[in-house]
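Here is a short briefing on one chain. Look over the sequence and the model, then read the points below.

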Amino acid sequence: MSGRLPSIIFKEHELAAFWNSPLLDSRLKFIIYALAGFTIEEFGKAVTITSIYRKGDASIHGYWRAIDIRSFIYEEEEIISIIKFLNGGIIYGKEPFKTALYHNVGQGPHIHIQVSHNTYTVVQKV
Ligand SMILES: [Zn+2]
């Protein structure tokens, strides 16, 4: 143990198994790693994962291509920064949808992060 605080926290134990599943779109893991570095460095706060795969769910969570994170631990401005950080660099690839959104669809407000088959980052050609 390094003595550092964890930068990624799972709300429930079963989420760790989903996180480690080969079915989870690996791009989401890279996105969460980057986001956790950002939130720890900028706000001194971790990323808490509250939902990954939802069995039988018709939404993108049913296809292992979305992760929800807790939002109430962040200030309003911090949430805006998180959304900008993610959508600024990672293009979802299906208009008008975005990689990250802050919304409330019944289970309380949270940040939803998703990837499509067309999600990309602009890389300079060499
Ligand atoms: Zn979601």
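A residue is buried if 20 or more other C-beta atoms lie within 10 Å of its own, exposed if 12 or fewer, and partly exposed in between, with C-beta atoms placed from the backbone. Lys98 counts as partly exposed because it has 16 C-beta neighbours inside 10 Å. The model is predicted: local features need pLDDT of at least 70, side-chain atom pairs count only at pLDDT 80 or more, and totals for chains, interfaces and linings use all residues. Residues are numbered from 1 along each chain as its sequence is written.

**Around Lys98**
- Lys98 sits in the loop between helix H3 (76-89) and strand S4 (100-103). Helices (H or I, at least four residues) and strands (E, at least two) are DSSP runs, numbered from the N terminus.
- Beyond its neighbours within four places in sequence, Lys98 is in contact with Asn87 and Tyr92. Contact means that the C-beta atoms of two residues, placed from the backbone, lie within 7 Å.
- Ser116 is 18 residues from Lys98 in sequence, and their C-alpha atoms are 9.7 Å apart.

**Overall fold**
- The chain has three helices and five strands. From the N terminus, the order is β-α-α-β-β-α-β-β.
- The radius of gyration is 14 Å, which agrees with the value near 14 Å for a compact globule of 126 residues. It is taken over C-alpha atoms, and the globule rule is 2.2 Å times the number of residues to the power 0.38.
- Along the principal axes, the C-alpha atoms fill a box of roughly 40 × 40 × 30 Å.
- Of the 126 residues, 21% are buried.
- Take the contacts between residues at least 6 apart in sequence: 60% join residues at least 24 apart.

- S4 and strand S5 (residues 110-114) run antiparallel and are joined by four bridges. Strands pair if DSSP finds at least two bridges between them.
- Tyr102 has Ile111 in S5 as its bridge partner.
- Six residues lie between the two strands, and Gly106 in this hairpin takes a positive phi near 115°.

**Nonpolar core**
- The largest nonpolar core has 18 residues. Such a core is a set of buried Ala, Val, Leu, Ile, Met, Phe, Trp, Tyr and Cys residues joined through C-beta atoms within 7 Å.
- Helix H2 (26-43), strand S2 (47-51), strand S3 (66-70), H3 and S5 each supply at least two residues of this core. H2 gives the largest share, four residues.
- Those with the most contacts inside the core are Ile31, Leu35, Ile67, Ile69, Leu86 and Ile113.
- Not counting residues up to four places away in sequence, Ile67 touches Leu28, Ile32, Ile49, Ile52 and Ile113.
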